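Trainee: I have the model open and would like to talk it through with you. Could we start with the annotated sites and then look at how the parts meet?

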Amino acid sequence: MSGTSYVIKGARVLGEESRDLYVSDGAFAEAAPRGAKVIDADGCIALPGLVDLHTHLREPGREDAETVLTGTRAAAAGGFTAVHAMANTDPVADTAGVVEQVWRLGREAGYCDVRPVGAVTAGLKGERLAELGAMADSAARVRVFSDDGHCVSDAALMRRALEYVKAFGGVVAQHAQEPRLTEGAQMNEGELSGVLGLQGWPAVAEEAIIARDVLLAAHTGSKLHVCHLSTAGSVEIVRWAKSRGYPVTAEVTPHHLLLTEDLIRGYDPVYKVNPPLRSAADVEAVRAGLADGTIDAVATDHAPHPVEAKDCEWAVAAMGMVGLETALSVVQRTMVETGLLDWAGVADRMSARPARIGSVTGQGRSVATGEPANLVLIDPAAARVIEPGALYSLSHNTPYAGMKLPGAVVVTLLHGSATVLDGRVVER
Amino acid sequence: MAKRHLLSTADLTVDDANLILDTAQELASVAGRAIKKLPTLRGRTVVNLFFEDSTRTRISFETAAKRLSADVINFSAKGSSVSKGESLKDTALTLEAMGADAVVVRHWASGGAHRLANAGWIRSSVVNAGDGTHEHPTQALLDAFTLRQRLGSVAGRHVAIVGDVLHSRVARSNVHLLATLGAEVTLVAPPTLLPLGVEHWPCASSYELDPILPKCDAVMMLRVQRERMNQAFFPTEREYSRRYGLQAARMALLPQHAVVMHPGPMNRGLEISAEVADSVRSTVTEQVANGVSVRMAVLYLLLGGAESAIGNDEEGSAR
Amino acid sequence: MTTQSGARSAGLDPAAARAVLDGPAVDRALTRIAHEILERTGGAEDAVLLGIPTRGAVLGRRLGELISRFEGHAVPVGSLDVTMYRDDLRLKPARPLRRTEIPTGGVDGRLVILVDDVLFSGRTVRAALDALGDLGRPRAIQLAVLVDRGHRQLPIRADYVGKNLPTSMREAVEVHLSETDGRDCVLLGIKAGA
Ligand SMILES: [Zn+2]
């Protein structure tokens with residue numbers, strides 16, 4: 001797997017002056033290895049391989065929507081070298097057995113480092129803790145725990161989870177959604193929900209949980225990670241918590257960086273997602289939060305669904321969008337083209353910080369001699385119209401269909417071997 | 001551009017709305033004739049697709065379609081064993097295969113009619129007969145028709161819409177249409193039953209009913225579902241009725257000419273007292289009759305020609 | 001949809017169109033029709049005039065006035081919109097309906113005289129016969145038109161004709177009346193876009 005050596009000619013690492021990179025034995029090397037394959041990277045940006053904190057790979061249980069293999073191929077196509085596989089599978093990843101199965105499937109597929117996320121509570125039921133220690137000690141070495149899809153709404157349970165994961169340096173990733181305030185919720189609560197007659201999902205339902213949890217994180221001295229933060233108020237709370245030195249990190253999804261609730265006017269369920277698309281002011285605020293580091297990471301919340309889950313009425317449609325293959329383009333559009341982040345900033349928010357939050361060894365490192373050769377080469381001048389059918393993901397529920405987005409992943413290297421070459425996923 | 005569907009009153013221009021009301025006016029006479037039938041939609045098929053029970057609305061549309069000589073198929077998709085999501089699409093494909101020219105759809109989900117019209121499943125015209133808590137355009141049209149009959153005009157009239165605005169498709173459709181027709185609308189409800197952002201709607205709103213009544217030309221009482229009480233929207237039926245119900249004493253605050261409307265079915269004793277419901281001011285039974293005329297007009301204008309007349313420019317022809 | 005008062009213009013190019021009847025000629029034609037009606041119906045005792053909107057309804061009212069002036073008693077006058085009975089509905093966008101007004105007393109057992117401006121294919125009259133059939137059972141039905149331009153497509157003929165006007169299919173005939181168009185005249189010209 002690490003057999004091939006590469007000379008990457010003329011790459012602009014983090015957007016800086018172009019230089020040549022050498023890869024051999026899975027790491028960046030000082031000089032050109034003998035017999036190396038040459039990759040022409042003229043005009044390309046080189047970033048450390050991207051790390052996703054929030055991916056739904058759907059295996060086990062919903063292999064009709066995605067599998068570890070298809071999901072990690074999609075991730076590689078999007079420039080990712082590591083993904084965190086969310087726990088809401090069937091069976092739920094709440095035991096060492098299930099997380100090891102996912103981890104092993106990831107290794108067999110060979111397209112990404114797959115880091116299983118363990119459920120916080122048994123069966124995601126929010127009643128009692130899952131065997132967090134067993135998952136942490138398993139071969140999967142789980143460090144991120146989340147009931148994502150559900151909020152750990154019980155304050156006492158959340159407190160104990162935060163305390164308990166300190167034993168193995170874990171972090172609790174909270175899906176912040178006050179359940180009583182969001183019963184039957186269909187879209188962001190605001191003027192538009194009133195007009196469309198769709199039950200509102202108020203910002204306060206997210207913010208109230210985040211406010212509670214940052215205080216619990218401070219109280220317990222344990223690490224809290226806020227999943228898919230989506231409102232201006234949430235950014236404020238996290239900013240405040242960080243200013244107090246609380247051990248809090250947060251992520252934002254690409255879709256919350258680009259899309260607003262106005263898209264829902266036609267009731268097309270491809271725009272149905274949880275948390276919902278918010279207002280333009282919220283989009284501004286999460287971009288600013290990501291730019292100033294209040295928000296640590298971009299995480300895709302890649303949520304594949306089969307056709308029938310979206311080809312129906314809004315109310316019964318599944319929530320979620322695929323995002324692995326478009327994340328980098330959306331970040332280029334919303335953060336780089338707007339001058340909010342440079343490419344070094346993109347590397348920080350999409351690789352270094354998520355790797356640190358997830359305690360992913362060997363990922364999110366710098367592009368320097370001796371470091372593991374996890375790398376993505378991007379052609380920033382490319383533009384592509386998103387075609388759902390051309391995605392590597394098994395599911396095609398992308399909200400960007402027909403949209404022209406900048407940038408294209410040309411090459412992805414995972415531990416020194418190519419998972420993507422010439423913009424195409426390498427077959428194994 | 002011709003509109004093939006009637007999904008929302010927000011899509012209607014003042015000319016569209018007046019055309020529908022004028023047409024309904026002409027068609028109303030059919031009800032008084034010995035032969036209550038016009039040959040206009042002979043050979044056309046209208047499907048009443050109801051995902052939610054509403055015998056009243058279905059019968060009204062059925063009568064309208066039959067008076068225009070359309071073939072009518074009633075399709076009740078409620079309680080179907082397939083999952084709710086699959087059934088709308090699968091049913092739509094069935095209707096498409098049957099060659100339906102128009103689908104009149106009642107759906108419990110907001111946006112159900114939009115989905116049916118725009119998802120690419122069918123080519124027929126879609127008439128929204130009520131979608132979730134979103135809209136019920138033909139109800140608003142028949143309300144406007146009734147107002148025109150009773151008050152002579154809609155423009156410049158003051159209409160109060162009272163009750164559970166938050167969950168009311170009738171209120172939403174009426175706000176858009178009445179605003180388009182130049183009426184002044186005030187929504188009256190407890191704060192819990194007014195939607196967020198209602199201040200941006202083309203109407204006023206009030207938490208109190210009594211100060212509004214003296215300037216009203218019409219009061220439209222919305223049905224209040226008793227379940228709402230359990231969701232803490234209001235404390236008790238008694239308190240709701242006392243603050244927002246229309247009883248004889250309160251009706252006396254209305255100007256002499258003002259009318260009382262209700263889309264039905266009524267909760268007598270909750271939002272409207274029996275005395276008010278049966279008073280001469282009440283338009284409840286006219287509303288039912290007018291429903292048929294308005295729905296005939298909508299079906300004729302959507303299906304009667306080579307393309308829909310709602311939204312078109314004037315035709316011209318030499319003979 | 002612009003809802004004009006029903007007055008529609010076929011868009012004959014006025015420069016290219018020729019007035020085949022001027023105002024006084026229209027008057028004379030109507031007067032003659034009124035006399036003929038009285039003559040042939042023996043005083044129009046049980047007659048009901050039903051004009052086909054828009055201009056047929058105007059002509060019906062004028063004929064009604066003329067008859068009551070000549071005879072001293074009023075003839076019931078109404079209008080009959082035939083839109084819903086047309087056989088060419090599906091060839092054009094759905095049209096706004098015109099007024100139907102049946103005089104009190106109805107049409108049962110009476111002599112109904114349909115009035116229209118131009119008799120051409122005969123299809124409008126066929127639609128009117130169907131519409132009448134749904135309204136009641138007249139004793140007899142007659143037809144009065146201001147202009148008969150020929151080219152019948154159905155076995156229909158007028159009982160009273162103001163002017164027989166031979167035309168080609170490329171031509172269009174437009175009747176203008178002061179109530180709807182500002183002045184009385186009948187124009188003959190080439191169809192717009194023909
Ligand atoms: Zn989530």
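**Sites, helices and chains**

Mentor: UniProt, in an unreviewed entry, lists A:Asp301 as "active site"; UniProt positions follow the numbering used here, feature names are shortened, and annotations may be inferred rather than shown by experiment. This is a predicted model, where local features need pLDDT of at least 70, side-chain atom pairs count only at pLDDT 80 or more, and totals for chains, interfaces and linings use all residues. Residues are numbered from 1 along each chain as its sequence is written, chains are lettered from A and ligands numbered from 1 in the order in which they are written, and side-chain values use heavy atoms, leaving out hydrogens and water.

Trainee: Is A:Asp301 buried or exposed?

Mentor: Buried means under 20% relative accessible area, exposed over 50%, and partly exposed in between, with a 1.4 Å probe and protein chains only. A:Asp301 sits in the loop between β15 (297-298) and α10 (327-336) of chain A; helices (H or I, at least four residues) and strands (E, at least two) are DSSP runs numbered from the N terminus. Contact means heavy atoms within 4.5 Å, and beyond four places in sequence A:Asp301 touches residues including A:His54, A:His56, A:Asp148 and A:His255. Its relative accessible area is 6%, so A:Asp301 is buried.

Trainee: Which residues of chain B does UniProt place under "binding site"?

Mentor: One of them lies in helix α6 of chain B, and at 15% relative accessibility B:Arg169 counts as buried. Leaving aside neighbours within four places in sequence, B:Arg169 is in contact with residues among them B:Glu52, B:Arg106, B:Asp131 and B:Glu135. The unreviewed entry gives B:Lys84, B:Arg169 and B:Arg223.

Trainee: How are α5(B) and α6(B) set to each other?

Mentor: The axes of α5 (residues 137-151) and α6 (residues 169-180) of chain B come within 8 Å and cross at roughly 55 degrees. Axes are lines fitted to C-alpha atoms, for helices over the stretch in contact, with angles from 0 to 180 degrees between N-to-C directions. Angles under 35 degrees count as roughly parallel, over 145 as roughly antiparallel, 65 to 115 as roughly perpendicular and the rest as oblique. The two helices, α5(B) and α6(B), are therefore oblique.

Trainee: Which two chains have the most contacts?

Mentor: Chain A and chain C share no contact, and their closest C-alpha atoms lie 25 Å apart. Among the two pairs of chains that touch, the most contacts are between chains B and C.
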